[in-house]
Amino acid sequence: MTSDAITVQRTIKAAPAQIFALLADAAKHSQFDGSGSVRGTRQDSQPLSLGTTFGMSMHMGIPYSTSNTVVEFEPDRRIAWKTTGLKGLIGGRVWRYELEPTTDGTIVRETWDLSQDKQGFLLKRSKMAGKTKNDMRKTLDRIAQTLEG
């Protein structure tokens with residue numbers, strides 16, 4: 001990984017509003033997560049908006065939790081959240097989804113942005129970057145399966 005971000009994209013045969021509704025409901029993230037690490041929210045479902053903070057129960061070898069804050073929000077176009085752990089001592093990566101309507105559906109771009117991550121230097125040089133890119137492709141496939149039927 002030579003830059004601060006990895007982006008994958010695919011066209012999904014669904015309207016941007018349908019995709020955005022799925023992304024903006026943290027309680028549904030475990031349904032489409034391609035990594036298998038997202039287990040669920042730590043609180044009741046609520047629509048996300050700019051500034052919303054939500055916790056996620058995770059598992060990657062061992063159980064852990066994250067705190068996520070929505071840092072970008074443009075309905076039906078873009079949503080991103082910054083993920084941290086251990087009360088902000090680790091993390092800072094941003095997960096971003098950008099939606100672009102087309103005649104065939106919606107181009108969905110998912111980005112893993114390490115430009116603000118406290119461990120970004122190490123993550124960019126680890127095997128995690130390649131695994132994350134593959135998991136992001138799986139995520140977009142699962143979003144498509146969920147919405148295309």
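Why does Arg78 count as partly exposed? Arg78 is partly exposed because its relative accessible area is 27%; the class lies between buried (under 20%) and exposed (over 50%), using a 1.4 Å probe and protein chains only. The model is predicted: local features need pLDDT of at least 70, side-chain atom pairs count only at pLDDT 80 or more, and totals for chains, interfaces and linings use all residues. Residues are numbered from 1 along each chain as its sequence is written, and side-chain values use heavy atoms, without hydrogens and water.

**Nonpolar core**

- The largest nonpolar core holds 28 residues. Such a core is a set of buried Ala, Val, Leu, Ile, Met, Phe, Trp, Tyr and Cys residues joined through side-chain atoms within 4.5 Å.
- Ile19, Leu23, Ile79, Tyr97 and Ile143 have the most contacts inside this core.
- At least two core residues come from each of β1 (5-12), α1 (16-23), β3 (53-60), β5 (78-85), β6 (90-102), β7 (105-113) and α4 (128-148). Helices (H or I, at least four residues) and strands (E, at least two) are DSSP runs, numbered from the N terminus.
- Helix α4 gives the most to this core, with five residues.
- Ile143 touches Ile12, Ile19, Leu22, Leu23, Phe32 and Tyr97, not counting residues up to four places away in sequence. Contact means heavy atoms within 4.5 Å.

**Salt bridges**

- The whole structure has 10 salt bridges. Each is a side-chain nitrogen of Lys or Arg within 4 Å of a carboxyl oxygen of Asp or Glu.
- Lys124 pairs with Asp4, with the closest N and O atoms 2.8 Å apart. This pair links distant parts of the chain: Lys124 is in helix α3 (residues 120-124), Asp4 is in the segment before β1, and they are 120 residues apart.
- Lys124 is buried at 16% relative accessible area, whereas Asp4 is partly exposed at 35%.
- Arg78 and Glu98 meet in a salt bridge of 3.0 Å, N to O. Arg78 sits in strand β5 and Glu98 in strand β6, 20 residues apart.
- Glu98 is partly exposed, with a relative accessible area of 21%.
- Arg96 forms a salt bridge with Asp113, the closest N and O atoms being 3.3 Å apart. Arg96 lies in strand β6 and Asp113 in strand β7, so the pair ties together parts that are 17 residues apart in sequence.
- Salt bridges that share partners join Glu72, Arg78, Arg96, Glu98 and Asp113 into one network.

**Asp113 in detail**

- Asp113 counts as buried because its relative accessibility is 11%. Arg96 is buried too.
- The side chains of Asp113 and Arg96 also make a polar contact of 3.3 Å. A polar contact is a pair of N or O atoms within 3.5 Å; within protein, one must be able to donate a hydrogen and the other to accept it, and residues adjacent in sequence count only if both atoms are side-chain atoms.
- Beyond its neighbours within four places in sequence, Asp113 is in contact with Asp4, Ala5, Arg93, Val94 and Arg96.

**Ala24**

- Ala24 is in the loop between α1 and α2 (29-32). Ala24 is buried, at 9% relative accessibility.
- Leaving aside neighbours within four places in sequence, Ala24 is in contact with Gln46, Pro47, Leu48 and Ile79.
- Ala24 and Ser3 are 21 residues apart in sequence and 27 Å apart in space, C-alpha to C-alpha.
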